[in-house]
Amino acid sequence: FILNFSFSLYGEFLLNSYDEIEAAHKLLHYKWKSIKIPRLVIEKIPEEILDMSPAKRIRFFVKTMLPLILLENEKIEQERETFFAYLEKESPNEEEKTFLNETAYKYRIIGSNEDISEMDEAQKKNIYTAADYKIKAIPPPIALSMAALESGWGTSRFVFEGNNLFGHVARNPSEGIQPANWTGKTRNIMIFESIRESISVYMLNLNRNRAYNRFRIARKHTPNNLINMTKGFHLYSIIGDEYAGRLQFIISRYGFATYLHAELDDERRTAPLKTLKQVHIH
């Protein structure tokens, strides 16, 4: 059969099927527990994951999710760098002011009618501190363990029907996917265009929702202590503190702490795929 890889200017490859994913992993020597991660993008989790053995499913899930998690983290870090660069400018221009206000509002650092450029130095210092806690990457072990727990390692019907990894509910109760045990009061599950969009919304939720302030404090002050960070999710689920215990089990059982040091490889890693318009697998 024939595989077609889609290449982007940023060294990202869109993989459209299970066969393409497996071929790309093999061609790039992308292994389980790798910490140099190729820029491989999927829009949907392939249904073949349902037929895998538990061990293979876990490896496949991690290898396909890690690039997406790191790519979203890269966007956040770029946003963070730009935000602080503009915030520290003595006289930002109008475009820079707009970016500062829109980004600060996006992360719920200021209200919709507030303007950072009109604030005094004490207020700007508070903005700086809040942004330092909120505009920040999500540690990959945290994102991986929550994605695994919420989606059943990618096997939930919400993943296949709505690209929803984390159980986000629809804003409009009449939209989205109806849960199996729907009572009439239960919120429907949100539908995303892609898995990547689901991860993006999840990360913004963790970074701005007041319910996860404890997580953000732990991330800031104990960045290598995953147990401390998981304790900040007691409000994420109806099972409360038990939720943190389940995340800790997944992180420990599958050695996810390794991925604290995972980073995206540069575009040279995916260069071999660029020359492959069609890959024949026999």
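A: Buried means under 20% relative accessible area, exposed over 50%, and partly exposed in between (1.4 Å probe, protein chains only). The model is predicted, so local features need pLDDT of at least 70 and side-chain atom pairs pLDDT 80 or more, while totals for chains, interfaces and linings use all residues. Residues are numbered from 1 along each chain as its sequence is written, and side-chain values use heavy atoms, with hydrogens and water left out.

Start with the whole chain. Of its 282 residues, 48% count as buried. The chain has 11 helices and 7 strands. These are DSSP runs, numbered from the N terminus: helices are H or I with at least four residues, strands E with at least two.

Now the core. A nonpolar core is a set of buried Ala, Val, Leu, Ile, Met, Phe, Trp, Tyr and Cys residues joined through side-chain atoms within 4.5 Å. The largest one has 72 residues. Helix α2 (residues 54-87) gives the largest share, 14 residues. Tyr202 is among the residues with the most contacts inside this core, as are Met65, Phe83, Ile142, Met146, Leu165 and Phe233. Contact means heavy atoms within 4.5 Å. Leaving out residues up to four places away in sequence, Tyr202 touches Ile138, Ile142, Ala143, Met146, Phe166, His168 and Tyr236.

Rings of Phe, Tyr and Trp (its six-membered ring) pair if their centres lie within 6.5 Å; planes under 30 degrees apart count as stacked, over 60 as edge-to-face and the rest as tilted. The count comes to 15 aromatic pairs. Tyr236 and Tyr243 form one that is stacked, 5.5 Å centre to centre with 25° between the planes. Tyr236 and Tyr243 are both buried. Elsewhere, ring pairs join Phe61, Trp153, Tyr254, Phe256 and Tyr259 into a cluster.

An α-helix has 3.6 residues a turn, so residues three or four places apart point the same way.
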